[in-house]
Every structure is written in structure tokens, then in C-alpha cells.
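Welcome, and thank you for taking a look at this protein. Please have the sequence and the 3D view side by side, and let us walk through them together.

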Amino acid sequence: VEPDPQAGAAVKAADRAHVFHSWSAQGLIDPLAVAGAEGSYFWDYDGNRYLDFTSGLVYTNIGYQHPKVVAAIQEQAGKLATFAPAFAVDVRSEAARLIAERTPGDLDKIFFTNGGAEAVENAVRMARLHTGRHKVLSAFRSYHGATSTAINLTGDPRRWASDTGSAGVVRFWAPFLYRSPFYATTEAEESARALQHLEDTIAFEGPATIAAIILETVPGTAGIMTPPPGYLAGVREICDKYGIVFVLDEVMAGFGRTGKWFAAEHFDVVPDLMTFAKGVNSGYVPLGGVAINAEIAATFDKRPYPGGLTYSGHPLACAAAVATINVMADEKVVEHAAHLGENVLGPGLRELAERHPSVGEVRGMGVFWALDLVKNKETREPLVPYNAAGEANAPMAAFGAAAKKNGLWPFINMNRTHAVPACNASEAEVKEGLAALDAALSVADEHTA
Ligand code: PLP
């Protein structure tokens, strides 16, 4: 593609004139003008091409512009571009079937939303109505979306400004051995103590007041902390003991990211409700949803479900989901993600950790990995303080700039970089990304002591 800096400048000027961006001080941002994208890459108007190690916001699980999904959306647009949610529409039914066939256990009914936050809102609504209880427990190290209840369930600092109190939300500590809130030294200890802490929290909050516990199966933006063996099964047991609805949020971890269709499969647990979005159709058209088990679905057999959205199960989004899921099955994309994690990305990142003093820990699975960057491997002091901004965040900013200079678009959150390429990235692309990370980590190393 021919560079065209003038066109790029015009796109950016138009953006700055009228587009109000998420999570940003509008006067301080300088968004890159994107000219195009394909597969694992995107490019700007100045002749720079980037390997996308972020998958957008961790959602383009099949990369950009997959021809079969693009064609399916075009075909659906020509046939029936939209239709209201109260009707039976072939492509909506087919998307629900393909999803329900892959979700674990008896999660066989699908309520469609436009994205992850709405899925979380509706899962909480279902749990409250099903149990007749009000409180919802969530983990501090979590992200569940930016709408009212979802942002209050969220643990990370994006909640702070909106912490006007979604009534009934209670947060607890989930396991994270590398930075253990429980002074644990083994995974078994971490798991047992985290479960005890959860059960103590429930006892003091009043078990009969708690509708749901929501957890990301593998927390994403908060740091890709794979739960220790036994933890999620333990949460399942606690939920059963107290009649609490167990909600797993698979908005980020679902649809192949961990090398399984859903991360819950790694841990042999079946939640009562499961939220999804992102990878369900790689975000080609906005779509999310809640997979509902038989018991909760039955609650609404005779009693109306008091929730809905104009675009619930939008035909264009569902056509994209049907095509995406079929592509993932036909091209063995989920198996490929597992292979990359086991044989290319995981070993490659661990090798970087050995050589770079700034890498404190490597953790993850599939194409879902975090590098915890530190000032010092012994003390594990984060490379930048929690929620650092400006000068305090300079080491991470320098790391990010170095990655981009090397043609890699990095995912950065606080003191971490996440390696989250497309599930169908080639081995060569992953190796290219590892080489660019290697160079960028040398810049991070300069800030260690
Ligand atoms: N839940 C999890 C685990 C997420 O990672 C996200 C988004 O990153 C959400 C919910 C919110 O999804 P959305 O941004 O589509 O509302």
C-alpha cells in the first residue's frame, strides 16, 4: 500500500474535531490513523506496518478481514440486514446453536447482547431474579465492563471515578501466587487460602443475601492470572453450598484465546451463567451474550424475563458469529492457539524472561500471556507503581515506544505487557513478535535495579 501522509493527517484531524475517545483526556491523545488491516497486521498512512500483539482489545481472535467472515456479513446485509429481537431469524438461531453446542455443561440457552458489559449486566439481573437475593461478589483484580453494574463489579482503577455505588457489590481477593494477597508460597496454599477468604467473606456478608459470584475464568486485563488447580472447582462448591449463582466471565478468555473454546474447560468447571463477547465473532460486528443453564432458564419459562435490547441477536452480528465459529472449527483455530501457547509463544516468552532482568514472571496459556515487568526480580517490585501516570510511568512508556519502533503493537496495562496475538497467527508471526519484544525489553531492562 502506498503511503499517503496527507490522507492520514486529514483522518486524524477529522477524528480530533469530533470523536470523543474512551478512557482518555481528549486534549492529550494522539490516535494513530489506521489505513488498513489484514490478518495479524495493520498499517498507517505513513508506511508503517505493525504486528498486532493486542488483537485490538483482545478480540480479533481470527485476525483482521478474514475473507469468509467479511463475505458472510456482506451476504447477510444483502439478505436481511436487521430484524427485531422478538422474531425467529435463521441466522440468530444458528448462532445460538453453534454457541450452545460449545459452552460447557447445560449452558444451552443464549441471550444475546451487543457486547461484554451488557452481558454482565444481564447475567447479574438473571442471578438476582433467580435467587431473589441482591449482593454480587467480584474480584479486586478484574475487569467486567464500563456500564453501571459492570464497572462497579470491576476491580481495577477504571472503576474509581464511577464508584457511586452499585448497591450490593462486594469485592474479594482471588488467587494470584506471584503477588499473593495471602502470603502463600505454593499454588495449593494460595488456592486453599483464597477459598477460605471467599467463604469468610460470604459468612460475614450473609450467605442468604448473595445472588452471585462473578469471576473471569482467567482474569484478562487485570493480569492473566491462571487460577491455581482446585480454585474454580472450590468456588463452584461454595456456590452450591450457599445457593449462590456462579457466573464466569469469558468475554476475553472465551472463543479460543486459552487454546480451548472456553477457558472453563481447562478447569473442569461448569458455571450457572457464562458471559461472552469479543471472540464470538472477532468483533467484526458488535455481539455479546449470556449462556444460561437449564435451571436458571426455567425460572423464566412462565415468568417474563425483564430485560432486552433493541439489537439483541442482530442478524449482521449473528451472521458474523456463525461464519467465525465455522472458520474456527474448519481451520482448527482453537487447536492452533493451544499449539502456539505450548510450543512457540509460551517457551519463547519464558526464554525472554531468563535473559531479561525486567521480566519478573511469565504466565498464561494459548495466546493469552502476561509478562509481569519488575524493577527487581528478587523483590518483585513492579517496574512502575500501581496505576502510575506521567513521569512515574516513563519506563513502561519507553518499553511501548521501543516495541512500536520495532514494528510490534504491544498491549500494556500498568507494569505488564500482554502477548495476545490472534489465535490464528502463524508461527513466523509469533516469532517476529518475540524478536520485537526482545528488543523492547532491553529498554525496560535499563529501568531495573
Ligand atoms: N468482561 C471482560 C472479562 C472483559 O475483558 C471486557 C472487556 O474488555 C468486558 C467484560 C466488557 O466488554 P465490552 O467492552 O464489550 O463491554
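Two strands are said to pair if DSSP finds at least two bridges between them. The strands themselves (E, at least two residues) and the helices (H or I, at least four residues) are DSSP runs, numbered from the N terminus. With that in hand, strand E4 (residues 109-113) pairs with E10 over five bridges, in the antiparallel sense.

Before going further, a word on what you are viewing. This is a predicted model, in which local features need pLDDT of at least 70 and side-chain atom pairs count only at pLDDT 80 or more, while totals for chains, interfaces and linings use all residues. Residues are numbered from 1 along each chain as its sequence is written.

Let us stay with E10 for a moment. Strand E10 (residues 288-292) has five of its five residues buried, so it is largely enclosed by the rest of the structure. Both of its faces are covered, with Gly288, Val290 and Ile292 on one side and Gly289 and Ala291 on the other. Which residue stands opposite Ala291 in E10? That is Ile110. Strand E9 (residues 273-276) is also joined to E10, by four bridges and running antiparallel. Here Phe276 has Gly289 as its bridge partner in E10.

Now step back to the whole chain. The protein chain has 13 helices and 15 strands. Its C-alpha atoms fill a box of roughly 60 × 60 × 45 Å, taken along the principal axes. The radius of gyration is taken over C-alpha atoms, and the globule rule is 2.2 Å times the number of residues to the power 0.38. For 449 residues, a compact globule would have a radius of gyration near 22 Å, and the 22 Å of the protein chain agrees with this. Buried residues make up 51% of the 449 residues. Two residues are in contact if their C-beta atoms, placed from the backbone, lie within 7 Å. Of the contacts with a separation of 6 or more, 74% are between residues 24 or more positions apart.

The chain is divided into domain 1 (5-65 + 332-445) and domain 2 (67-330), with bounds that come from an automatic or database domain assignment. The C-alpha centres of the two domains lie 25 Å apart. Their contact takes 29 residues from domain 1 and 29 residues from domain 2. On the domain 1 side, the elements that give two or more residues include helix H11 (333-355) and strand E15 (416-419). H11 provides the largest share of that side, five residues.

Strand E1 (residues 34-38) is joined to E2 by four bridges, and the two run antiparallel. Gly36 stands opposite Trp43 in E2. The hairpin of E1 and E2 has two residues between the strands, and in this hairpin Gly39 takes a positive phi near 60°. E2 in turn pairs with strand E3 (residues 49-52) over three bridges, again in the antiparallel sense. In E3, Tyr50 is the bridge partner of Phe42.

Val58, found in helix H2, has a positive phi of about 60° although it is not a glycine. Val58 counts as buried because it has 23 C-beta neighbours inside 10 Å. Met414 is likewise not a glycine, yet has a positive phi of about 55°. Met414 is found in the loop between strand E14 (411-413) and E15.

Finally, look at the ligand. Among the 16 residues around the ligand, Gly115, Gly116, Ala117, Gly145 and Val251 come nearest; a residue counts as near a molecule if its C-beta atom, placed from the backbone, lies within 6 Å of it. Helix H5 (residues 116-131) gives the largest share of this shell, three residues.

Conventions:
Buried ≥ 20, exposed ≤ 12 C-beta atoms within 10 Å, placed from the backbone.
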